Structures are given as C-alpha cells and as structure tokens.
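Dear colleague,

Please find the structure below, handed over for your study. My notes on what was found follow it.

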Amino acid sequence: MTINEIQDEIIEEFDGLDDWMDKYQMLIDLGNEQEPLDEKYKVEQNLIDGCQSRVWLQADYETSSDSSLGGVIRFTAESDALIVKGIVSLLIRVLSGHTPQEILDADLYFIDRIGLKEHLSPTRSNGLLAMVKQMRMYALAFSSQS
C-alpha cells in the first residue's frame, strides 16, 4: 500500500467515530496493541527531543533483494504515555516499510483530517511534530547513504 492509501484508511477508521472521547480511546487501544520496543533500543540517543512524555524511536534500513527498488525503513517506537503511544503507532503504520524518498515526499494530511492537531494539547502537538521531524531525519540520513 502507498502512504496515501494507508492515510485514507486511517481517515476512514476515525470518520466512524463522532465523539473525541471515542477517538482518544481508539488512540489508546492502538498504543496498547503496539509491540513493545526492545529494551536495547530504549536508550538516550533514541529519545525524541520536544516530547513532553518519553518517546523512543528506532529506525532500521532494510535493503531489498531487488536492488532497483532500494531499501525501506522500518520504524519501531514506544512511549510511556498511552495517547502518545497511539499517535506514534499511527505514524509507524503510515511511514514504516517505505523508501526514504517516499517518506520525505509524503504529505501527512491524515493528521489534520482526523482532527488530531486541533484536539491535542500544545505540548502533545509539539511532540507530534517532533516525531514526524525525527522520522524524516532518519529518512534523509538513509537516503544519503543509498
């Protein structure tokens, strides 16, 4: 699936929920469903600056057997805050498994379309932007290596 197809799928899932308490609950559920991050990745260098809660983000570059495709980035993450864990799980769902260039070119419109930005506190909103920025920084770093 393309990044936009995944975003459209997420928008559709959230459109079925009218109440923001239900949307928060969905975020919490998504966070609870996320695989825990391996303890070896819970290190200072994987902490995202700018987040009020602690968020660890690990990025691994996997080369494809078809060298013309290049490689893809696999993201894993964890947070000590349930809603933030849900938000990062959405970002992983959208961006993980794509090439660095696809990630750099992505317009993450789902964030606005599901109302996430307007319903987050300013500190959580800053944290969301910090997570996106860090994922794009990894994509930039991996794209310069390939």
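Is E13 buried, partly exposed or exposed? With a relative accessible area of 32%, E13 is partly exposed. Here buried means under 20% relative accessible area, exposed means over 50%, and partly exposed lies in between, with a 1.4 Å probe and protein chains only. The areas themselves come from the Shrake-Rupley method with a 1.4 Å probe, and for residues only the protein chains shown count as cover.

Please note that this is a predicted model, in which local features need pLDDT of at least 70 and side-chain atom pairs count only at pLDDT 80 or more, while totals for chains, interfaces and linings use all residues. Residues are numbered from 1 along each chain as its sequence is written, and side-chain values use heavy atoms, leaving out hydrogens and water.

Salt bridges

Side chains of opposite charge can pair when their charged atoms come close. A salt bridge is counted when a side-chain nitrogen of Lys or Arg is within 4 Å of a carboxyl oxygen of Asp or Glu. The whole structure holds 6 salt bridges.

One of them joins R93 to E13, with N and O 2.7 Å apart. Because R93 lies in helix 3 and E13 in helix 1, this pair ties together parts that are 80 residues apart in sequence. Helices are DSSP runs of H or I with at least four residues, strands are runs of E with at least two, and both are numbered from the N terminus. R93 is partly exposed, at a relative accessible area of 27%. Together with E9, the residues E13 and R93 form a network of salt bridges.

A further salt bridge is found between E62 and R74, whose closest N and O atoms are 3.1 Å apart. This pair links distant parts of the chain, since E62 is in strand 1 (residues 55-63) and R74 is in strand 2 (residues 71-79), 12 residues apart. Both are partly exposed: E62 has 36% relative accessibility, and R74 has a relative accessible area of 37%.

E39 and K42 also form a salt bridge, with 3.3 Å between the closest N and O atoms. E39 is exposed, at 57% relative accessible area, whereas K42 is partly exposed, at 25%.

A buried lysine and its surroundings

K85 belongs to helix 3 (residues 82-95). K85 is buried but has no salt bridge, and the nearest side chain of opposite charge, E78, is 4.4 Å away. Lys and Arg count as positive and Asp and Glu as negative, while His and the chain ends are not counted. Contact means heavy atoms within 4.5 Å. Beyond residues up to four places away in sequence, K85 touches G31, Q34, E78 and S79.

Q34 lies in the loop between helix 2 (20-33) and strand 1, and is buried at 13% relative accessible area. Apart from neighbours within four places in sequence, the contacts of Q34 include A77, V88, S89 and I92.

A patch of negative charge

On the surface, E5, D8, E12 and D15 gather in a patch of negative charge. Such patches take residues with over 30% relative accessible area and no salt bridge, joining like charges within 9 Å and nonpolar side chains (Val, Leu, Ile, Met, Phe, Trp, Tyr) within 5 Å. The place of a charge is NZ of Lys, CZ of Arg, CG of Asp or CD of Glu. D15 is located in helix 1 (residues 3-15) and counts as exposed, at 52% relative accessibility.

With kind regards
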